[in-house]
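Subject: Structure handover

Hello,

Here is the structure I promised you. Please open it first, then read my notes below.

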Amino acid sequence: MGGVTAFWCERAWLPDGVQDRVRVSAERELVTAVEAGEDAHPDDERLHGIVLPGFANAHSHAFHRVLRGRTHSDGGTFWTWREQMYEVAARLDPDSYRRLATAVYAEMALAGVTCVGEFHYLHHAPGGSAYADPNAMGEALRLAARTAGVRLTLLDTCYLAGGIGTPLTDSQLRFGDGDADRWAERLAAMTPDANTRIGAAIHSVRAVPADQIPTVVSAAARRPLHMHLSEQSAENEQCLDAYGVTPTELLDRQAALGPRTTAVHATHLTRHDAALLGQSTSSVCFCPTTERDLADGIGPARALRDAGSPLVLGSDQHAVIDLLEEARALEMHERLTSHERGRFAPYELIAALTTAGHASLGWPEAGRLAVGSPCDLVAITLDTPRTAGIDPEQVLYAATSADIHAVIVNGRSVVKDGSHLLGDVGALLRRAVADLDAVEIGNPGDSRR
Ligand SMILES: [Zn+2]
């Protein structure tokens, strides 16, 4: 991108609050000036309503999007939902995954997401044999994010066991690398690029034996390290049985907590768990629309923040892709358990969506409208039936992703007048899901290594 681009915002959420008539200039993807109380210049791109910094979606499994609106007919539990999810996983190859993920990331862009953290464990072919490029599935995600116009942190996930002390099942074989050393070898072959950073993940204490965790931690080195934590109480019980400690205590004991760590869900915690996460300044990623969809429960968000953990947000299984709804639900679920309103200040919810979320994904320079940050802008209309008449500073309590009319990523327009640069995202999603439905699932044990 050459030269200076400028955006004139009717209103914008700056680091010190909402300001009117804000001109944001950008050069080579970065913000070079932010001036409030300015008139628009003739060539400025005008963004009406209120403009927020780009949103970070800190926890995504792109392929779970296929299950949206298709798992509700016969009740069930998290564990029966997981069986349906494995059936989708069994149908994917690098090509179909790229097409599906492109559509899912485009849906995210429409919802104001400028950076996504993909918690990626679908590594190998069904049965577990490696593709010619052992990172073909990760490369498919890299290409998908670039095509959809969002930045990516690929959180390459170590997944070794079907449960504590149990081997991978047939449908889980393609997630596994055998041991943490071989996982680390594959991770080392992935290189970052201008649009992509590489992080690491421990699937959970269910899927990575305690003695393998230190290898993952040292391979993650200075990169983001994410893990699922205590989403279900069954995980706590199994961990206590096997190791005599909670999952959080086990991770602490294995030196997996710290400022580059993000624990995802953290739903069923003891007070001691929350203190360990807070003292280590590990971030905690809440995924409220997933946690309610899967009947997980409500984690102690306020207590974790007070203990010292930055909070971030993810749409996880994508039953809903609306980061405004995730932020709103963080507060609303707290209200339901505490019987109090205003558990989080609006600026705290904005931080979860923007600065803290980007830091958790290894982009600490992003998520604020300030000089030197990537020029990521999300413009929300304030004259739709949902947003008309609201106080702009309370936009998080009223707007939905459907009210986002423009999204700029790295100074480049990805969503304009409510449309994504790829065109009809609904059609892309429909086609990707239909293609997968048509795939015959073989016996995943056939090509077992
Ligand atoms: Zn997850």
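**The zinc site**

Histidine 59 and histidine 228 are both buried. Keep in mind that this is a predicted model. The two histidines belong to the zinc site. The zinc ion has three protein donors: His59 (NE2), His61 (NE2) and His228 (NE2). They lie 2.1 to 2.2 Å from the ion. Along the sequence, the donor spacing reads H-x1-H-x166-H. Distant parts of the chain are linked here: histidine 59 is in strand S6 (residues 55-60), and histidine 228 is in strand S10 (residues 225-229). The two are 169 residues apart.

**Aromatic pairs**

How many aromatic pairs does a search of the whole structure find? There are 8. Two are worth a look.

One is phenylalanine 63 with tyrosine 97. Their ring centres are 6.3 Å apart and their planes stand at 75 degrees, so this pair is edge-to-face. Phenylalanine 63 lies in the loop between S6 and helix H1 (78-89), while tyrosine 97 is in helix H2 (residues 94-110). The pair therefore ties together parts 34 residues apart in sequence. Phenylalanine 63 and tyrosine 97 are buried.

The other is tyrosine 121 with tyrosine 159. This pair is tilted, at 5.4 Å centre to centre and 50 degrees between the planes. Tyrosine 121 sits in the loop between strand S7 (113-120) and helix H3 (136-148). Tyrosine 159 sits in the loop between strand S8 (151-158) and helix H4 (180-188), so the pair ties together parts 38 residues apart in sequence. Tyrosine 121 is buried, at 4% relative accessible area. Tyrosine 159 counts as buried too, at 3% relative accessibility.

Ring pairs also build a cluster. Its members are Phe63, Tyr86, Tyr97, Tyr121, Tyr159 and Phe175.

**Charges over a ring**

Look at tryptophan 363 next. The charged end of arginine 151 sits over its ring, 5.0 Å from the centre. The charged end of arginine 197 also sits over the ring of tryptophan 363, 3.7 Å from its centre.

**Leucine 160**

Where is leucine 160? It is in the loop between S8 and H4. Is leucine 160 buried or exposed? Its relative accessibility is 13%, so it counts as buried, the cut-off being under 20%. Beyond its neighbours within four places in sequence, leucine 160 is in contact with several residues, including Leu168, Asp177, Val208, Pro209 and Gln212. Alanine 207 is another contact. The C-alpha atoms of leucine 160 and alanine 207 are separated by 5.4 Å, though the residues are 47 apart along the chain.

Best wishes

Technical notes. Residues are numbered from 1 along each chain as its sequence is written. This is a predicted model: local features need pLDDT of at least 70, side-chain atom pairs count only at pLDDT 80 or more; totals for chains, interfaces and linings use all residues. Side-chain values use heavy atoms; hydrogens and water are left out. Donors are N, O and S atoms within 2.8 Å of the metal (3.2 Å for Na, K and Ca); water is not among the atoms, so sites may look incomplete. Helices (H or I, at least four residues) and strands (E, at least two) are DSSP runs, numbered from the N terminus. Buried means under 20% relative accessible area, exposed over 50%, partly exposed in between (1.4 Å probe, protein chains only). Rings of Phe, Tyr and Trp (its six-membered ring) pair if their centres lie within 6.5 Å; planes under 30 degrees apart count as stacked, over 60 as edge-to-face and the rest as tilted. A charge sits over a ring if NZ of Lys or CZ of Arg is within 6 Å of the ring centre and within 35 degrees of the ring normal. Contact means heavy atoms within 4.5 Å.
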